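I opened my notebook to look at one model and jot down what I could look up in it.

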Amino acid sequence: MASGKPAVATRRRNHWGWGYEDERPAPDEVRAAAAGIVPALGFGSVDVEEPVPLEEVELPAPRVEAPEGLRDVCSTDVHARASHAQGKGYRDVVRAFRGRFDHPPDVVAFPRDEPEVEAVLEWCEAANAAAIPYGGGTSVVGGVEPRLDGRYDGAVSVDLGRLDRVLEVDEVSRAARIQAGAPGPHLEEQLAEHGLTLRHFPQSFQLSTLGGWIATRAGGHFATLYTHVDDLVESVRALTPRGTWESRRLPGSGAGPSPDRLLIGSEGTLGVITEAWVRVQARPTERASTGVRFESFAAGAEAVRALSQSGLHPANCRLIDAAEARLTSGGDGEHALLVLGFESADHPVGPWMDRALAVCAELGGSWDEVRGGGGREGAVGAWREAFLRAPYLRDTFVAMGVFSETFETAITWERFPEFHARVTEATEAGLRETFGAGSVTCRFTHVYPDGPAPYYTMLAPAHRGEELDQWEAIKGAASDAVIAAGGTITHHHAVGRDHRPWYDRQRPDPFAAALRGAKAAVDPAGILNPGVLVDPLPA
């Protein structure tokens, strides 16, 4: 059964930061925010800067020109090229804030259907232009920036935003066929017409797309069980320069390596994902949530481990250290906070919450009350609001001279205490050396029976004009520490270009050779998102 209508683009995206142009706070609002933030952090400046306006941005002339048959779906205007020049990481925002776009695409293509995607790829191959698949542009690891070597004569950003429909809904098997360019809100609106949800809510939900989630192995808001998009994919369809790649719809298969698994996490290097069948579910009707306090982060971690191994599968099970809880959730600065929640479309969740709280109590946890309806008040509500507003706050930090960056990883439980100590120590030392001051805090974004996914936030006084060098120094220190201590360079942010040096160290060499071979088979000219995951074989 078909569903939904194409979204009508009536708002322009902010060309330098998060969100839309009409959401940007006015300069006086930024100054008012800085007046409150600076005393709380102990650094930063109330003398806020303003971004370089779009009309003052200068970009180099396009090196390639769209063929006549594609000109009505291609753009070379400054806004299109600037807004597709990079993602939304700290370094991206700093550069764009100052009107600096180092590697803009020459052309931005907005194909309306698969034949036009195919035509764009044919043109790029003939013109020796890199084709950069673009979903919501929310990459924080350099995944959509045309940062290329001299092998290419141009770069084309392939924006899938016009492929945004729910095409079919199978209510018997609870699956839906959805186009890759559907952003989170539009996707959920269409599924809601059927009483269904994909239940995948990353922090970038407002802007990111289904195709981007699949290409980057995105992790959603929910902390246990079905949280990575891997768990939600039934089959994927992608277009390559050498044909269409599509798997069968199956609940599971043992027929060799999975075509879907190779596309999930491929970051646009093996094909342009155009649609997927995904597993959906009934929209929850029963909810309960609370905030549980622990005397230390270590005590909270023991409780989270017990919960993750209990089979209770809480929807939310995010542990936040005391310092971060004070800044984001109204915590007292003395206790770690566990944001705990359950939900169901089938049964009351009270017994599950009762058992989870009993586990927490046995390990020293305390709480005030349990709320229904999703916990939109109290500490849980404060955390939820801070979680969704964080990308906007980061833009304000740039204006007031505050370095704000995150990194995330995963590690098994038995290694976590030593891992956390080593990574925290190395990062704090790097902050002191680079900035002279700063803080690093930690929370668990996702938890598994065999280990957590720690997510670290760094705040420091940036030296204006030196932010990019400072970012590079602390990024290197933190990433080196993660790899040296046995973690993964990324749990859900993807590899992109920024994580390549550490991904190359983490990844087995024979697998790298196999991946290069697969890329050569489907993309012999090496035009698909070059520089991400593996380098193309020599021409």
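My notes cover a sheet, a helix lying across it and the nonpolar cores.

**Ground rules.** I'm working with a predicted model, where local features need pLDDT of at least 70, side-chain atom pairs count only at pLDDT 80 or more, and totals for chains, interfaces and linings use all residues. Residues are numbered from 1 along each chain as its sequence is written, and side-chain values use heavy atoms, with hydrogens and water left out.

**The sheet.** I found five strands in an open, antiparallel sheet, in the order S5-S6-S10-S8-S9. Strands here are DSSP E runs of at least two residues, helices are H or I runs of at least four, and both are numbered from the N terminus. Two strands pair if DSSP finds at least two bridges between them. At the edges I noted S5 (166-170) and S9 (243-246), each pairing on one side only. S5 pairs with S6 (residues 175-179) over four bridges, and I looked up Glu168, whose bridge partner in S6 is Arg177.

**The helix.** I saw H4 (residues 114-127) lying across S8 (233-240), S9 and S10 (272-279), at about 45 degrees to S8. Angles run from 0 to 180 degrees between N-to-C directions, with axes fitted to C-alpha atoms, for helices over the stretch in contact (heavy atoms within 4.5 Å).

**The cores.** A nonpolar core is a set of buried Ala, Val, Leu, Ile, Met, Phe, Trp, Tyr and Cys residues joined through side-chain atoms within 4.5 Å; buried means under 20% relative accessible area with a 1.4 Å probe, protein chains only. The largest one has 71 residues, and Leu340 is among those with the most contacts inside it. H13 (residues 467-484) gives this core its largest share, six residues. Apart from it I found another core, of 39 residues, including Val236 and Val534.

Definitions and conventions
Buried means under 20% relative accessible area, exposed over 50%, partly exposed in between (1.4 Å probe, protein chains only).
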